[in-house]
Amino acid sequence: MKYWKGIEELESAPEFMQSAFAEFMPVKESHESNDATSAPRRDFLKLMGFGVGAAVLASCETPVRKAIPYLNKPEEVDPSISNFYASTYFTGSDYNAVLVKARDGRPIKLEGNPESPITRGGLSARAQAAVLSLYDGGRLQNFAIKGQKADVKQVDQEIRSKLAATTGRIAIVSPTIISPSTKKAIAEFAARYPSTTHVMYDAQSATGLLQANSGVVPGYDFSKANVIVSLGADFLGTWISPVEYARQYVVNRKVSTDKRTMSRHFQFETAMSLTGTNADVRVPIKPSELAATTLAIYNFVVNGTAIGEVFSAKEAGGKSDPRNAKLQTAAQELKNSGSTGLVVSGSNDPAVQALVTAINQALGNAGTTISAAQSNVRQGDDARMAALVNDMNNGSVGAVIFYNANPVFNHPLGSKVKSGIAKVPLTISLNDRLDETGSLCQYAAPDNHWLESWNDFEPKAGYLSLSQPVITPLFTTRQAQESLLKWAGNNTTYYKYLRANWRGITPTDAAWDKVVHDGVATGTALPTATAMTPMSAAAAASQLSGAAKPSDTIELALYEKVGLSADGCGANNPFLQELPDPISKATWGNYIAVPHAMAVAKKWEQNDVVKVTANGYSIELPVLIQPGQANGTVGIALGYGRTLAGKAGDKVGENAAPLAMTTNGIQYMNTVTLEKTSSTSPIAQTQTHQTLMDRRPVVQENSLANYKKDPKKVTEYEKISTPDGLEAPEKVSLWQDYQYNNHHWGMAVDLNSCIGCGSCVVGCQTENNIAVVGKQQVINRREMHWMRIDRYYSSDTHKDSFETKGKLSTYAAMEDPSENPQVIHQPMMCQHCNHAPCETVCPVLATTHSTEGLNQMTYNRCIGTRYCANNCPYKVRRFNWFSYYSNDKFEIVNGHMFTDLGRMVLNPDVTVRARGVMEKCSFCVQRIQLGKLEAKKQKRRPMDGEIVTACAQSCPTEAIVFGDMKDPNSRISKLLRREDGERAFHSLASINVQPNVTYLTKIRNSESEFFAPEVEEKA
Amino acid sequence: MNSIRLRSLPHLLLALVLTFAGIQQTAAQATADAKKEGVAPGATAAATPATAAAPAAGGGDAAAIAAGDALFKGNCAQCHAVNEQVVGPALAGISKRRPISWLIPWVKNSSKVVASGDDYAVALFNKFNKQQMPSFALSDKEITSIIAYVTSQEGGPVGGGVTAKNAAGTDGKDANAGTSGAEEGAGKYVDILLIVLVVVLIVLVVTLVIIGNLMKDVLRGRKDLDGRDVEILEQRFDWSKFYRSPVMRGIVGTVFALVLLYEGVQSVMAVGLTQGYQPTQPIAFSHKLHAGEHQINCAYCHTSVYKSKSANIPSANICMNCHSQIKTESPEIKKIYRAIERKQPIQWVRIHNLPDLAYFNHSQHTQVAGLQCQTCHGPIQNMEVVYQYSALTMGWCINCHREMPLNTKDNKYYDNLVKLHDTKNAGAPFTVSSNGGTECSKCHY
């Protein structure tokens, strides 16, 4: 099998090969002077002279530093001791129960709340990055009238008098609200102004799903599913509640000698999604083929009709499209699985969703894979929003209040919203900044950040959670609910309002305190959702069968990124902008994902800018050749192209929302025309940086069938030749082994559980004060992430086809970039080698080995030779090419290290690295040291699970296990004992660097012949 | 005779120079030794009796007392001492005064006990100006261990002995004073001896010069001298030739260059060092008065020194615990009132500044290692104005880590490590560095 990270690597393009193995990309430095050779030297001398002088001057006097204690110290706050407060992250997309780590009164990190029965301690990448949004300088820092700073009282007074005088409808526009108390406050506002309606819409709408399920999202439970068929639902990455679903999904994906079964996952989708990369069988389909696919499965499962020729591809050359066979298998296995089967669909078409509901009913999975606990995290109604937009334009709306809603940017009818706002007499924005919508409103009463607010949430029926303020409001803002109550004539604080509202659930103070402490509770508080009339399955079936067949036009699929949400509200968060997309590994901006065949046919190359037109709206974006993108389709991510998000988020990518179809509700697809322009625009991808291709096994995978046969034969262990025959590499060594008396820290990464979501990457970034470098530096291969998730594609052609296709054509097929490759994700961080190649080459001993197995990096000793990075086989070392915290070039992207406001997010236990030093994963040594110290203070050994790295802690699927390998009862020791000789392997084992990070072979529940012979031969 | 006399002058001078240099070096050596002695062995000697004394005195369960020790310092020491009344009553004899069944609810929630109308509680409450004792979320077992600890400390050094910690501090201090005093005595004796020798030498030189001049005069008085003798008699040493000789110039030049170089290196090495830094503080707070004369436990004000990275500068409300009543007229204390009224926190000048790249944790050294504050902060109890006592250089840290044996006593964390260490290198002390305490990422990350 051949692994490759990108098309350029697979094709071995000469420019790529030139730079592939270079650790550091040569970067052209420009000088203003014409005499390029002499100027730098003179500059150097000048600078050096100045530098020496400055150093001498600076060293003469030590600056006076102040120590300023509290006037009246709060009892629970001690300087330099972190406190954790339970809270909740929900900004209209995914729900996460969190613990907020507050240091000296400042929130510095979010961690998953293990008490939550929904997210169970996992955290999404978006939630990890959310703490940075608190310190976002782009937030509106005061109340405003027409964009000018205004007094709170004046704003209140004017709004109240204008509201009282309003004739016509008053509308409150918001994304989904799952807070019972907020809903009550809105109801109170509506009682005061009876013409008020509350319109919710979701930037990634699920109206179709809601309509088919009486207004709620069914309580999916992937943990009980044996067969999962996903029709375009990216449930691991972005769909409805990804952290919850990922957590459930891996329950039946983890394997061990004792549990040699796993669920089978079929994915039918257009753009390669995170979920698609994890599927056992992935079938690329056009968006317009989704209806037919659903209908075929429905007919097969419910009516027993055989699956016919659903797909007909021209390339099949008269033969049946191979996708039909896969659909047949999926439908058959789904039917066989009965109540342990589950079908989900990301489509927003009510007819498709009606059929999906009917299939699930026919399977009888209510109570198993669909539980009674329905989800509330999507409540938007496209039809009501569209009606409101019309009303605004025809002048029947008297006032509109935008509550954390930015429809001008993220609604497909954004331009109509914009024209509508101009016609509404009173417009109020409660948004946290003067964004695309807020800047058009007359009044701005900015809401607090959620870390400054009290609120309650009911993400699923019967499950409640709270958020509590961890810091006093940084700016002159007011919680939106309080604003609404105030305008309704209720002057109570929202805390009191919330507390009163909770009397029914927590009658006593003690019960309330417990809920505030735990962050979660059980109970129901939300009013029942308004049921929508579902479409009958028969009507849906006839509607879909009558639908037009897919034509030859190019279809567009709009999708949401794992990092940036479709509503664009994280756009000014540089952590999210620089988080590489799990599949394309692109950062800073969106692009047109194009299948390879289309690029060849149209003679497009990567980075060529193409103009996309639909609905009379066009945008220009660069092309990215995306393996796995369905033929005849292109994909564009939503949520980019903000114009008023803030310094970091403005003008990154283009807004694709207006390209969506708005005829039948909102459909995130359309037929588009594409037109090449003459320009190119580089896409900042990290995928081929630090390449590992063509080395000995870096990553390993095998099939479930082989694993069932013999778990000891699924992993290939390399042997080396010695005079005594073949031996394991560690038998022969130049170096002496270390002895670990105290601790021996180690990490195990289960590639079966890793879904590639990137939560660990952002978790690591916030924990370790890792700089954001911006698009140009990513292009220069200078991203600073200590942890990356390597994504490998592998071709689906195999030596097995020798007999059927002949050797030559099989090899030729293997060379072809795969249309629909298999994907494997591998988290890669410093492996903390016991025989570390970096340690031996450092001339100043800045990188050394500790008595606990850590590979230590000492910044203040490093002189920046970069020998270590060159010698690192895993390419995990990062060099500080600039002072990212003080160089003006990085003020926009790395702004949080520049201002006093932003610096509040930095972890005080971790040094901010200076220019010219190397850095890398430290196994979160600050956490190890703290955990050990706590144990010593209590005169005991550290308990397992007490000391975890930021990545292991944030992982929603518990793919990363960290612990003390000296402790025989630790989770990691047990895991490694269990998997030793079975799935446990070291990356690049043959070079005998003896890493402390162990990987567990990925097991796929796909056709076994894909893997079989190779392993049999070698075993 | 003459020639001998004249030649002896340079020799004498050389001898003098050498002697002075010698004196200086011995003196320097003596002070250096004293410094070294003052830090390491003194402190450890002090630490050992403190830990050893506790069980012996109380006779209670050692583990409970140890646990109680920590709990007491963390929770009670802010207001209570064992043998002395501080904010709250002295706790000595508490187990005899009140039954344990009364004490547990009292510690957990004193206001509840007062509200219940308990006579003793109400009397106590009134006696201490109706100042409430805060509630503590301690378990019954923890409270019992605190009482065990208190009992073990009863009858400790009166007045001075606030807690075992302070007692040990006093011991350590005395021990330090003892050693350095002895060294000082020896140094003085040598000094006196040298001064006497120098005086004798000067007298000798003067005597010799006088004798020489007398003999010259006698010779000049004689008329029977021939030309050669007169020449010898009137011969003068040609100094200018001596100055101009290349050897002399070379020597002087080299010495000058060496001195410059030495001074240069010394001053460069001292860049950024702030040992002895003693800034003026916004309020003339005296550690000598508070920590020295009144023996207030360090942790009373620096509340987090046993539990956190930083030994916090006390907040104004801690000052107010006492100064709401004591010395309310003092102009310095009025500054605190003013700060509270204006809601402007007091801006103290930070004395001990570690660079950001170094991680230092107080609790590691106080709670785990059981070190005295004085080990690094010097005789803080004698400082009117605090200054930086230690160099706070990396070399200073590392030296201590190399020499200091780990405090592994009664700490289960170290049990197995001590065993392993002893089997491998019996006899060698189990120092911080032998447990990896000098590795880079113990302090730099």
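## Chain B: overall make-up

Chain B of this predicted model has a secondary structure that comes to 19 helices and 1 strand. Of its 445 residues, 26% count as buried. Among the contacts in chain B whose partners have a separation of 6 or more, 74% are accounted for by residues 24 or more positions apart.

## Two annotated spans

For chain B, an unreviewed UniProt entry lists residues 192-215 and residues 246-265 under "transmembrane region", an annotation that comes from the record and that may be inferred rather than shown by experiment. In the model, residues 192-215 of chain B are 100% helix and 0% strand, and the C-alpha atoms at the two ends of this span are 35 Å apart. Residues 246-265 of chain B are likewise 100% helix and 0% strand, with end C-alpha atoms that lie 28 Å apart.

## The buried face of helix H18

Helix H18 of chain B covers residues 394-403, and its buried residues are B:Cys397, B:Cys400 and B:His401. When H18(B) is seen down its axis, these buried residues fall within an arc of 100 degrees, so they line one face of the helix. An α-helix has 3.6 residues a turn, so residues three or four places apart point the same way.

## Where chain B touches chain A

The contact between the two chains takes 46 residues from chain B and 40 residues from chain A. On the side of chain B, the elements that give two or more residues are helix H14 (316-323), helix H15 (331-342), strand E1 (348-349), helix H16 (362-368) and helix H19 (415-424). The largest share, 4 residues, comes from H16(B).

## The domains of chain A

The domain assignment of chain A gives four entries, of which domain 1 (144-207 + 380-518) and domain 4 (716-787 + 829-1000) are each written as two segments. Between domain 1 and domain 4 of chain A, the C-alpha centres lie 44 Å apart.

Technical notes:
Residues numbered from 1 in each chain as written. Chains lettered and ligands numbered in written order. Predicted model: local features only at pLDDT ≥ 70, side-chain atom pairs only at ≥ 80, totals over all residues. Buried ≥ 20, exposed ≤ 12 C-beta atoms within 10 Å, placed from the backbone. Arc of directions from axis to C-beta. Contact = placed C-beta atoms within 7 Å. Domains from an automatic or database assignment.
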